Amino acid sequence: MSARFGVRAVLFDLDGTLADTAPDLGGALNRLRQRRGLAAMPIALLRPVASAGARGMLGVGLSMAPGDEGYEAVRDEFLAEYEAALDRDTTLFDGVAECLAALAQRGLRWGVVTNKATRFTVPVVAGLGLDRLASVVISGDTTPHAKPHPAPLLEACARLGIAPHQAVYVGDDLRDIEAARAAGMPAIAAAYGYLGASPDLDAWQADAVIATPLDLLPLLTVL
């Protein structure tokens with residue numbers, strides 16, 4: 001795989017791209033199910049919707065959607081459960097630590113741009129030991145708009161002091177690709193991630209697809 005993107009920084013989605021957060025998100029959901037007399041669901045069934053957070057978990061696990069009667073109260077219950085134990089079983093995907101170390105060795109800065117709210121992002125990033133290493137962390141409530149709006153990516157670039165085309169964004173959901181495209185930034189799809197409700201990567205029209213985190217490295221040259 002030859003180098004294709006000249007960059008000064010790399011931006012990553014969090015859930016499903018840097019970290020496997022599904023075990024803790026699923027744990028919170030299963031505690032809600034158990035309170036309702038329902039059996040716990042296997043994390044493997046929940047993992048594909050983990051990038052959608054509460055909406056994804058409640059949709060699959062309790063057949064509830066925004067706008068349903070009582071949805072907001074159940075969502076708040078879920079979020080409280082998740083906040084109480086959000087770094088119990090969350091881990092970096094295999095190869096992520098090595099990838100980040102290689103980026104730093106090349107002199108490339110990297111950061112996190114996630115739709116996760118700050119109250120969850122900060123402890124998860126800290127629990128993974130990434131807070132000391134990331135050059136920028138943008139949460140879903142840092143700007144007035146979340147992905148697929150480009151605002152979070154543009155804010156990350158502004159804080160890094162670079163133009164959007166001088167970074168790439170790596171994500172595991174269609175909205176990540178859409179956000180990068182809207183920001184004028186090359187978009188790389190993480191095929192090892194959750195992939196959300198639209199797992200047809202060909203239809204995403206990303207600028208590149210990686211099967212593992214380490215596959216990112218040959219795609220980059222340093223500006």
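**Aromatic pairs and the helix beside them**

Mentor: Phe12 is buried, because its relative accessible area of 3% falls under the 20% cut-off. Please keep in mind that the model is predicted. Trp110 is likewise buried, with a relative accessible area of 3%.

Phe12 and Trp110 form one of them, with 6.4 Å from centre to centre and 75 degrees between the planes, an edge-to-face arrangement. Since Phe12 is in strand β2 and Trp110 in strand β5, the pair ties together parts that are 98 residues apart in sequence.

Another pair joins Phe93 and Tyr194: the ring centres are 6.2 Å apart and the planes stand at 65 degrees, so this pair is edge-to-face. Phe93 sits in the loop between β4 and α5, while Tyr194 sits in the loop between β8 (187-190) and α9 (201-204), so the pair ties together parts that are 101 residues apart in sequence. Phe93 is buried, with a relative accessible area of 16%, and Tyr194 is buried too, at 5%. Elsewhere, Phe78, Tyr82 and Phe120 form one aromatic cluster.

Helix α5 brings several of these elements together. Its buried residues pack against β2 (9-12), β4 (91-92), β5 (109-113) and β10 (220-222). Strands β2 and β5 are those that hold Phe12 and Trp110. The buried residues of α5 are Val96, Cys99, Leu100, Ala102 and Leu103. They cover an arc of only 160 degrees around the axis, and therefore lie on the same side of α5. An α-helix has 3.6 residues a turn, so residues three or four places apart point the same way.

Ala101 also belongs to α5, which covers residues 96-105. With a relative accessible area of 46%, Ala101 is partly exposed, because this value falls between the limits of 20% and 50%. Ala101 and Val222 are 121 residues apart in sequence, and their C-alpha atoms are 15 Å apart in space. After α5 comes Gly107, whose phi is positive, near 85 degrees.

The largest pocket contains about 510 Å³ of space. It is lined by 27 residues, and those closest to its centre are Ala52, Gly53, Ala54, Asn115 and Lys116. Helices α3 (53-62), α4 (71-84) and α8 (174-183) each contribute at least two residues to the lining of this largest pocket, and α4 gives the most, with five. By type, the lining of the largest pocket comprises eleven nonpolar, five polar and eleven charged residues.

The second largest pocket has a volume of about 180 Å³. Among its 13 lining residues, Ala52, Arg55, Asp173, Gly196 and Ala197 are the closest to its centre. The elements that give two or more residues to the lining of the second largest pocket are α3 and α8. This lining divides into six nonpolar, four polar and three charged residues.

Methods: Residues numbered from 1 in each chain as written. Predicted model: local features only at pLDDT ≥ 70, side-chain atom pairs only at ≥ 80, totals over all residues. Heavy atoms only, no water. 1 Å grid on protein atoms, 1.4 Å probe; cavity = no way out; pocket = protein on both sides within 12 Å on 5 of 7 lines; lining within 4 Å. Points joined across faces, edges and corners; volume = space filled by probe spheres on them. Helix = DSSP H or I, 4+ residues; strand = E, 2+ residues; numbered from the N terminus. Nonpolar A, V, L, I, M, F, W, Y, C, P; charged D, E, K, R; others polar. Buried < 20%, exposed > 50% of the residue type's maximum accessible area, 1.4 Å probe, protein only. Arc of directions from axis to C-beta. Contact = heavy atoms within 4.5 Å. Phe/Tyr/Trp six-rings, centres within 6.5 Å; stacked < 30°, edge-to-face > 60°.
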